Amino acid sequence: MTSTFTPPGLARFNDLEERAALAALHEACASMTWVRRLTAARPYATADQLYAASDAALAELTAADLAEAMAGHPPIGRPRPGDPASAREQRGMAGASEELKAEMLELNLAYQEKFGHVFLICATGLTGERMRDAVKERIGNAPEREREIVRTELGKINRIRLARLVEEDA
């Protein structure tokens, strides 16, 4: 017999009014195209269905949609004040030395100058040194290669944020 039990957090998400669902998803990803696609596909029976829908929507984002999504992310080392998600995700930079923070600022600026957008990495669980090493490595990429890496990193971030959204207790 197949179970039809929907986890409570996911059931709450499925039951949100459209405006509330749009707002909740927009906190996870700033791309309105992604937000609308996920909202329109509700209800989801499992979190895996939600993640698969997220991955599919992400794969179809245009360059403009990706730019919109990236604009919602603060630079590494400078979480947005009052934004617990960015502070939590960038925790690896919180205890970094002033020297490392200054180096990240310079690298962020160089990256942004080259690619025209913020350096995006799924920072959850990474040390400041690992983030620095990643930007140093990626700054040498061709723009097309970097755009695909950004898409992958955004997918990881979105999954973490979606999991938090649908797995939290009320």
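1. Let me start with Leu 165: leaving aside neighbours within four places in sequence, this residue is in contact (heavy atoms within 4.5 Å) with Phe 13, Ala 24 and Leu 25. Leu 165 belongs to helix α10; helices here are DSSP runs of H or I with at least four residues, strands are runs of E with at least two, and both are numbered from the N terminus. The C-alpha atoms of Leu 165 and Ala 24 are separated by 7.8 Å, although the two residues are 141 residues apart along the chain. With a relative accessibility of 24%, Leu 165 counts as partly exposed; that class sits between buried (under 20% relative accessible area) and exposed (over 50%), using a 1.4 Å probe and protein chains only.

2. A word on the basis of these remarks: the model is predicted, so local features need pLDDT of at least 70 and side-chain atom pairs count only at pLDDT 80 or more, while totals for chains, interfaces and linings use all residues. Residues are numbered from 1 along each chain as its sequence is written, and side-chain values use heavy atoms, with hydrogens and water left out.

3. Helix α10 covers residues 143-167 and also holds Glu 146. Is Glu 146 buried or exposed? Glu 146 is buried, at a relative accessible area of 0%. Its side chain makes a polar contact of 2.5 Å with that of Arg 138; such a contact is a pair of N or O atoms within 3.5 Å, where within protein one must be able to donate a hydrogen and the other to accept it, and residues adjacent in sequence count only if both atoms are side-chain atoms. Not counting residues up to four places away in sequence, Glu 146 touches Tyr 111, Phe 115, Arg 138 and Asn 141.

4. The largest nonpolar core has 43 residues, and Phe 13, Trp 34, Leu 38, Leu 50, Ile 76 and Ile 121 touch the most other members. Such a core is a set of buried Ala, Val, Leu, Ile, Met, Phe, Trp, Tyr and Cys residues joined through side-chain atoms within 4.5 Å. Helix α10 gives the most to this core, with 6 residues. Beyond four places in sequence, the contacts of Leu 38 include Leu 50 and Leu 162.

5. Finally, have a look at α5. Its buried residues are Asp 65, Leu 66, Ala 69 and Met 70. They lie on the same side of α5, because they cover an arc of only 135° around the axis, taken from the directions from the helix axis to the C-beta atoms. These buried residues pack against α3 and α10, whereas the face turned away from them carries the exposed residues Ala 64 and Ala 71.
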